[in-house]
Amino acid sequence: MPLNEWIPQMAQGCLLTLKLFAVTIVFSVPLGLLLTFLYTSKNRVVTKIIALYILLMRGTPLLLQIFFVYFGLPYLPVIGKYVTINSRFVAGAVAFIFNYAAYFAEIFRGGLLSVDKGQYEAAKVLGLSETQTRFKIVLPQMFRISLPAVSNEAIILIKDTALVTAIGLVDLLKVTKTIVNKTTNVSAFLVATLFYLVMSYILTLVFKFLEKKFDY
Amino acid sequence: MEMITVKGLKKNFGELEVLKGIDLSVQKGDVVAVLGPSGSGKSTFLRCLIDLEEAEGGSIYIEGSPLLEEGKYIPKKQRRELLYKMGMVFQHFNLFPHMSVRDNLILAPLLHKQGSKQELINKANEMLKTVSLAQKLNDMPKSLSGGQKQRIAIARALMQNPDILLFDEPTSALDPELTGEVLRVIKRLAQEKMTMVIVTHEINFAREAANKVLFMDEGYVLAFGTPEEVIDNNKSERIKNFFAKLDTK
């Protein structure tokens, strides 16, 4: 096993995996939060639109959504030429962000529903405004309740990133496959497995830390 | 001075009429115990007073200012101002679990600009002494017993300098051996002439601490008077039956 040759190549692929992961988390979590706010707003039209969005994102394969963003957008009538994304990475990231935002929105909504009604009532009798109640009382509890589910989703994401090989991006899995094709040595897959495991393990530790830090 | 005036208060939950025209007048320094069987509308009545439930009809005046007048509420913004004169203590405490005792206590007065942070922390320390929990300032609610939580909740309500305190079954969620410590705090407040309305099942406590008892049944007020008048010497069969079923002596 020529590890000294493989590992630098694989690390290069890993970098793309991590970049995609980071970009997705950074944008999809706030977007998910925004979707949750809209979904739980009193405006019926808005909630219907968000519900449809979430259905679309969760109800169709992520791979299909990646294809749609990269290959499909230019063919949209009228707006097609304005929304064309030429960069494979950006296209992949956009698909991931919009897809994961839908999942995070549902996770946060679940967290929101788990906040006891008595918390809102206590905030009200203490004279807190709706905004103060949301930011000082509800959101901190919602985040804490949502953490285990967010952690789960993050670990799925780190492995899901492998889907971008379908639009020609060279991530950890793609690098590994190339090595195996060239060398006919399948043990490269084993090394890739270890890479994924280490990344997942680090994520697990990070979320464990966060859960502990925000425990109450 | 009339602290709370209620006239013809009506409240429905869908088809169900829960309050069928309640009248009440609470004077400064009154301690009103609200008694009655389960489902009589006691808690709903209390919750209407502090706008946790919206009534369908009637009037509520807090210190002479209308909250609800003949079925019409004042605008939301003014409501918040008016309601801040009242503190409320819940059956299940409703402390904010993600905040320390200190932050639970100073949050509302800080947002209402009732003092600097340091002033409010000093005040919080004083309040904790009055509920005999002087050492708990930096504890998290999770680490407290039920009785301690409820006393913190009382301290939190007191932090807003309320003119009136409302209690919704403050000891019902507590183990029997923990009710005493909470009732003692409420009794002390009664001695200090705090105006209070207390929904409770503790008949003995009502007799000792309250100067007035409101007896409710099926959405009506059946009796309102001194504890002796309502609990011990009432002529109504319904009320006599209720107290006979409880071992009140």
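Two residues count as in contact if their C-beta atoms, placed from the backbone, lie within 7 Å. The views below show a predicted model, in which local features need pLDDT of at least 70, side-chain atom pairs count only at pLDDT 80 or more, and totals for chains, interfaces and linings use all residues. Residues are numbered from 1 along each chain as its sequence is written, and chains are lettered from A and ligands numbered from 1 in the order in which they are written.

**View 1. The contact of chain A with chain B.** Chain A gives 16 residues to the contact and chain B gives 19. On the side of chain B that touches chain A, the elements that give two or more residues are α2 (76-83) and α3 (101-111) of chain B; helices (H or I, at least four residues) and strands (E, at least two) are DSSP runs, numbered from the N terminus. The largest share of this side, three residues, comes from α3(B). By class, this side of chain B has twelve nonpolar, five polar and two charged residues (Ala, Val, Leu, Ile, Met, Phe, Trp, Tyr, Cys and Pro count as nonpolar, Asp, Glu, Lys and Arg as charged, and the others, Gly among them, as polar).

**View 2. The packing of α4(B) on α5(B).** Helix α4 (residues 117-130) and helix α5 (residues 146-159) of chain B pack with their axes 9 Å apart, at an angle of about 135°. Axes are lines fitted to C-alpha atoms, for helices over the stretch in contact, and angles run from 0 to 180 degrees between N-to-C directions. B:Lys123, B:Ala124, B:Met127 and B:Leu128 in α4(B) meet B:Ala155, B:Leu158 and B:Met159 in α5(B). Of the residues in this contact, six are nonpolar, none polar and one charged.

**View 3. Strand β10(B) and its partners.** Five of the six residues of β10 (residues 212-217) of chain B are buried, so this strand is largely enclosed by the rest of the structure (buried: 20 or more other C-beta atoms within 10 Å of the residue's own; exposed: 12 or fewer; partly exposed in between; C-beta atoms placed from the backbone). Strand β3 (residues 31-35) of chain B pairs with β10(B) in the parallel sense over four bridges; two strands pair if DSSP finds at least two bridges between them. B:Val34 has B:Leu214 in β10(B) as its bridge partner. With β11 (residues 220-225) of chain B, β10(B) pairs in the antiparallel sense over five bridges, and B:Ala223 in β11(B) is the bridge partner of B:Phe215. The hairpin of β10(B) and β11(B) has two residues between the strands, and B:Glu218 takes a positive phi near 50° there.
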